[in-house]
Amino acid sequence: MKELGEVRYFLGIEFARAKEGILMTQRKYALEIISDVGLAGSKPKETLIEQNLKLKSTKFDTCTDTSKGDELLEDMGSYQRLIRKLLYLTITRPDISYAVQSLSQFMHAPKKSHYEEALHVVKYIKKQPGLGLLMSSDNNEEIEAFCDSNWASCPMLRKSVTGYCVELGISTISWKAKKQHTVSRS
């Protein structure tokens, strides 16, 4: 966007007006997260999470005896604080919503691998900390919705994950990724 107007803040969200529309970002908050976890000097990541990554709980590891080398974190509080911050960042970053939602499932018993993946998300954010939502000034009133489902993608419960995104013109106005309540059998 060229020539952003005055930047205003509300609950840590930055609003800037330009001729293209209103840009909503959490740039300062994203940079604060990067600094807080000590990744200011690290190299940014190009991708959000590894494709087909299957994170597992400690309970699943115990039942299947697959916990080799991936112990519980000694400081659960650091993981929980980081996930809370990332959850707040999803207000203006739909691109990280699914990854953060997946990581938030392990808040009560996080393992080292979960924390490493959370840091990977922070390195991805570092690539474009000012990324946000544009509420376009275009007066296109066409509504488009997109959805997808990933059959039995949860390795522990075999539940499907469904996601959707709704756009008004070129502006994203709603999105969600949700694990289904029941197990799909076909």
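Biologist: Hi! Which strands make up the open sheet, and in what order?
Modeller: In this predicted model, the open sheet has three strands in the order β5-β6-β7, and their pairing is antiparallel.

Biologist: Which strands stand at the edges?
Modeller: Those are β5 (143-150) and β7 (171-183). Each has a single partner strand, so one side of each is left without a neighbour in the sheet.

Biologist: And what does the twist average from one strand to the next?
Modeller: The twist averages 15°.

Biologist: How many bridges join β5 to β6?
Modeller: Eight bridges link β5 with β6, which covers residues 159-168. If you want a pair to look for, phenylalanine 146 sits opposite cysteine 165 in β6.

Biologist: Let's change topic. What about the whole chain, how many helices and strands are there?
Modeller: There are five helices and seven strands. Along the sequence, the pattern reads β-β-β-α-α-α-α-α-β-β-β-β. Of the 186 residues, 37% are buried.

Biologist: Now the inside. How many residues does the largest nonpolar core have?
Modeller: That core has 25 residues, and Leu86, Val121 and Ile125 have the most contacts inside it. At least two core residues come from each of α1 (27-36), α3 (76-89), α4 (97-104) and α5 (112-127).

Biologist: Which helix gives the largest share?
Modeller: Helix α5 does, with six residues of this core.

Biologist: Back to valine 121, what does that residue touch?
Modeller: Leaving out residues up to four places away in sequence, valine 121 touches Leu48, Ile49, Leu86, Ala99, Val100 and Leu103.

Note on methods:
Residues are numbered from 1 along each chain as its sequence is written. This is a predicted model: local features need pLDDT of at least 70, side-chain atom pairs count only at pLDDT 80 or more; totals for chains, interfaces and linings use all residues. Side-chain values use heavy atoms; hydrogens and water are left out. A nonpolar core is a set of buried Ala, Val, Leu, Ile, Met, Phe, Trp, Tyr and Cys residues joined through side-chain atoms within 4.5 Å. Buried means under 20% relative accessible area, exposed over 50%, partly exposed in between (1.4 Å probe, protein chains only). Helices (H or I, at least four residues) and strands (E, at least two) are DSSP runs, numbered from the N terminus. Contact means heavy atoms within 4.5 Å. Two strands pair if DSSP finds at least two bridges between them. Axes are lines fitted to C-alpha atoms, for helices over the stretch in contact, and angles run from 0 to 180 degrees between N-to-C directions.
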